[in-house]
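Here are my notes for someone opening this structure for the first time. Keep the viewer open and follow the points in order.

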Amino acid sequence: MLGEKRPEREFWLWHRERAVTAPRRALAALAALALLWSGMAHAAYPDRPITVVVPNQAGGPLDLMARIIAKTLPRYIGQKVIVKNIVGGGTAVGDRAVLNAPADGYTFLFIHQPLMEVAAEGILGAKFTDFVPVARTGGIDQIYVARKGAPFDSFKGMVDWGKDHPGGVRNGVALMANNHFVALAVTQATGVKFKLINVPGGGGPILPALLSDQIDVGFVAPEEVVAYAKTGKIVPLALFGTQRNKLLPNLPTAKELGYPALGNLDVSAYWWARKDVPLQIRNTLADKLEQTMQDPELRKDFEHLTDDLGFTKGEALQHDVDARYAAYEKLVDTFNMRRAAK
């Protein structure tokens with residue numbers, strides 16, 4: 001009845017239940033509030049410009065790719081995208097600059113395989129797993145070319161001649177750079193021992209070195225040599241990519257020539273983040289990059305640079321990166337290139 005007193009046992013049971021459930025309700029309310037706050041914070045991302053660090057010189061193919069994407073990405077992400085070149089240490093200086101930036105999703109790294117290479121060599125100054133891949137936004141094929149007048153005019157001819165003349169093929173590379181690793185991968189796959197000639201400055205100076213007979217072979221982008229190939233001043237030997245290039249449709253891939261291990265030596269343009277950048281932010285950027293790579297104006301801007309606009313994210317991207325990094329670690333161990341503990 002109304003106003004009737006509870007029996008003593010019922011009274012204490014009622015208070016014990018309140019004592020147990022009240023903190024649970026409070027924690028649940030706090031969790032819901034935190035989730036709401038987190039959702040609001042991420043929904044606002046980004047609320048200021050994003051910086052993309054390119055650890056290469058301005059004007060190179062990768063830098064041009066970054067700037068084309070940075071011009072178009074603001075249409076989809078709603079903020080300005082700033083490209084910042086930080087060079088040195090075989091890209092390690094720019095890589096570390098991203099690791100030292102706040103993990104707030106406003107500083108990303110745009111770089112191809114050299115990040116994996118400096119990590120495998122032990123000169124990154126951090127673990128490779130301190131970075132996580134966000135997206136692959138296209139790439140640039142690499143073709144193996146010979147100078148006019150070289151003692152071979154095909155990839156098979158180079159392999160045969162090189163095996164008969166150990167150290168006789170002068171292969172131009174920028175020591176410890178990506179094309180150095182590509183040369184070592186060719187040695188590993190074919191058994192040809194090259195005489196490595198240091199041509200500093202990345203891939204750009206390789207073409208002049210070939211034209212002036214300083215080297216016999218080197219790695220270049222198809223766009224750089226298509227005109228020379230048509231006139232016979234440069235002899236294309238093989239394409240290191242997954243499929244033939246439209247600029248040189250008659251040039252076979254290394255895989256077609258019987259060397260599948262050389263099929264993943266294209267230059268892939270990856271976006272990287274510190275591993276502690278929130279997953280939701282990384283996913284947001286990946287989604288916006290995917291939209292950007294379908295933009296008609298962007299695809300037109302890329303016509304003169306590459307026909308590889310393949311986009312990858314998520315598990316497929318991680319699988320690709322893991323496989324490539326394992327291959328570079330194997331090269332480092334095989335050729336004793338490790339400089340320090342990773």
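**Notes on the fold and its packing**

1. Let's begin with the sheet. Six strands make up an open sheet with mixed pairing, in the order E2-E1-E3-E10-E4-E11. At the edges you'll find strand E2 (81–85) and strand E11 (308–312), each of which pairs on one side only. On average, neighbouring strands of this sheet are turned by 25° against each other, direction ignored. Do bear in mind that this is a predicted model.

2. Now for what lies against the sheet. Helix H2 (residues 61–72) packs on it and touches strand E1 (50–54), E2, strand E3 (107–111), E4 and E10. The direction of H2 makes about 165° with that of E2.

3. How is strand E4 joined to E11? The two run antiparallel, with 3 bridges joining E4 (residues 131–140) to E11. To find the spot on screen, look for Arg 136, which stands opposite Thr 312 in E11.

4. Among contacts with a separation of 6 or more, 76% are between residues 24 or more positions apart.

5. The aromatic rings deserve a look. The count comes to 14 aromatic pairs. One of them is Tyr 144 with Phe 155, an edge-to-face pair at 6.0 Å centre to centre, with 65° between the planes. Tyr 144 sits in strand E5 (residues 142–147) and Phe 155 in helix H6 (residues 155–164), so the pair links distant parts of the chain, 11 residues apart.

6. Phe 155 has another partner: with Tyr 259 it forms an edge-to-face pair, 5.4 Å centre to centre and with 70° between the planes. Phe 155 lies in helix H6, while Tyr 259 lies in the loop between strand E9 (234–240) and strand E10 (267–274), so this pair ties together parts that are 104 residues apart in sequence. Tyr 259 is buried, as is Phe 155.

7. The charged end of Arg 48 sits over the ring of Tyr 106, at 3.7 Å from its centre.

8. Next, a pair of helices. The axes of helix H7 (residues 178–190) and helix H12 (residues 314–334) come within 10 Å and cross at roughly 75°, which means H7 is roughly perpendicular to H12. On the H7 side, Asn 178, Phe 181, Leu 184, Ala 185 and Gln 188 take part, meeting Tyr 328, Lys 330, Leu 331, Val 332 and Thr 334 in H12.

9. Finally, pick out Thr 91, in the loop between E2 and helix H4 (92–100). Why does Thr 91 count as buried? Because its relative accessible area is 6%, and the cut-off for buried is under 20%. What does Thr 91 touch, leaving aside neighbours within four places in sequence? Its contacts are Pro 55, Asn 56, Ile 111, Pro 114, Leu 115 and Val 118. Val 54 is 37 residues from Thr 91 along the chain, and their C-alpha atoms are separated by 8.5 Å.

Definitions and conventions
Residues numbered from 1 in each chain as written. Predicted model: local features only at pLDDT ≥ 70, side-chain atom pairs only at ≥ 80, totals over all residues. Heavy atoms only, no water. Phe/Tyr/Trp six-rings, centres within 6.5 Å; stacked < 30°, edge-to-face > 60°. Helix = DSSP H or I, 4+ residues; strand = E, 2+ residues; numbered from the N terminus. Buried < 20%, exposed > 50% of the residue type's maximum accessible area, 1.4 Å probe, protein only. Lys NZ or Arg CZ within 6 Å of the ring centre and 35° of its normal. Pairing = 2+ DSSP bridges. Axes fitted to C-alpha atoms, helices over the stretch in contact; angles between N-to-C directions. Contact = heavy atoms within 4.5 Å. Parallel < 35°, antiparallel > 145°, perpendicular 65-115°, else oblique.
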